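The following note is meant for a colleague who is opening this structure for the first time. Please read the points alongside the sequence and the 3D view.

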Amino acid sequence: MSTRPLESYSAEEVLDSMSQATVTSLARYLIKGCAGEFLDEVDVLATGLKDDRRTMLVYADGRFVSQREPGNLILAQIHPVLDSDNLLRVTAPNIGELHVQLTTDGAPFSASVHKTSDIQVVDQGVDAAKWFSQVLGKDVRLVQMSPDYQRQVSQRWSDRPTDEVLFADGYPILLTSKESLADLNDHLPKTLTMDRFRSNIVIEGGKIPYGEELLRAIRIGGGVDLELIKLCTRCVVPSGYQIGELAGTRDKREGMAGEPLKTLMKYRRIELKTGDIGGVFGQNVIPIRLGKIRVGQNVEVVETQAAPQYMPAI
């Protein structure tokens with residue numbers, strides 16, 4: 001596998017290599033922070049993959065519940081499934097299944113996701129609140145966005161008023177590549193699987209590790225256009241298992257404390273427009289032309305961009 005610096009690739013090389021990529025995985029997360037649902041095909045809406053981060057858990061003050069917080073990795077053990085009639089069925093270990101008929105009825109109130117406050121949400125009822133509070137051992141409520149509210153993505157990266165997002169951290173879609181994961185694993189004491197990064201779209205076959213960072217716009221399956229708008233700086237969440245019998249626990253293998261963020265901050269460290277410094281893995285994406293995408297579809301490169309300027313490795 002190539003380990004050339006990204007800035008050494010010409011636009012022609014990027015087009016040739018990255019146009020060989022295909023979609024290998026699609027996933028959505030019906031409840032923010034909870035287990036994902038892997039799909040063969042899915043509709044891409046303005047807000048991202050259909051029903052991705054459609055609901056979330058909040059504390060009494062409206063703050064969102066995150067895996068980043070102590071004791072909250074257990075969220076990965078909560079498995080939601082959404083039926084066609086908007087019935088949310090949720091399972092978790094050692095507790096009966098919860099059924100919630102999602103509703104937009106009720107008085108909206110304010111919630112927050114990171115730096116975005118005053119997001120208008122609607123509560124999903126007492127039964128849901130009791131069930132999730134029992135699982136987490138703290139008082140929380142399940143909410144979905146009020147139908148009269150639109151959450152715009154950060155205007156630092158896009159000034160189009162039509163660019164919106166539900167309860168994802170900041171952008172509608174997260175895209176990663178298997179080549180990038182292979183390169184990261186070459187730098188880690190132990191290997192990771194892609195599910196740890198909670199991507200929506202995973203591509204493979206582009207041959208260039210982190211080659212997705214050289215793409216500005218792509219077309220999937222000949223019909224869905226996506227703009228790769230911003231590098232994704234990572235937090236501590238990928239240090240926890242997301243699937244399997246270890247889901248909801250930290251990686252305790254030798255040498256893996258604080259990983260992969262510790263390694264990303266050594267060789268993939270960047271300063272963003274905001275002045276924040278972070279370790280990068282993946283690209284935040286905004287849908288431009290909507291439609292259905294499927295696993296196995298080709299990725300067409302519509303527009304390339306210059307390589308990001310990373311800080312010196314340490």
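1. Two strands are said to pair if DSSP finds at least two bridges between them. The model discussed here is predicted. Within it, V44 stands opposite G291 in β18. Strand β3, residues 41-45, is joined to β18 by four bridges, and the two run antiparallel.

2. This pairing belongs to an open sheet of three strands, ordered β4-β3-β18, in which the pairing is antiparallel. The edges are formed by β4 (48-49) and β18 (291-294); each has a single partner strand, so one side of each is left without a neighbour in the sheet. Strands of a sheet pair through backbone hydrogen bonds, either parallel or antiparallel.

3. A further antiparallel pair consists of β9 (residues 109-113) and β10 (residues 116-123), joined by four bridges. Together β9 and β10 form a hairpin with two residues between them. V113 stands opposite T116 in β10. In the turn, H114 has a positive phi of about 55°.

4. Which residues of helix α2 are buried? In this helix, which spans residues 126-136, the buried residues are A128, A129, W131, F132, S133, V135 and L136. An α-helix has 3.6 residues a turn, so residues three or four places apart point the same way.

5. Just after the helix α2, G137 adopts a positive phi of about 75°.

Conventions. Residues numbered from 1 in each chain as written. Predicted model: local features only at pLDDT ≥ 70, side-chain atom pairs only at ≥ 80, totals over all residues. Heavy atoms only, no water. Buried < 20%, exposed > 50% of the residue type's maximum accessible area, 1.4 Å probe, protein only.
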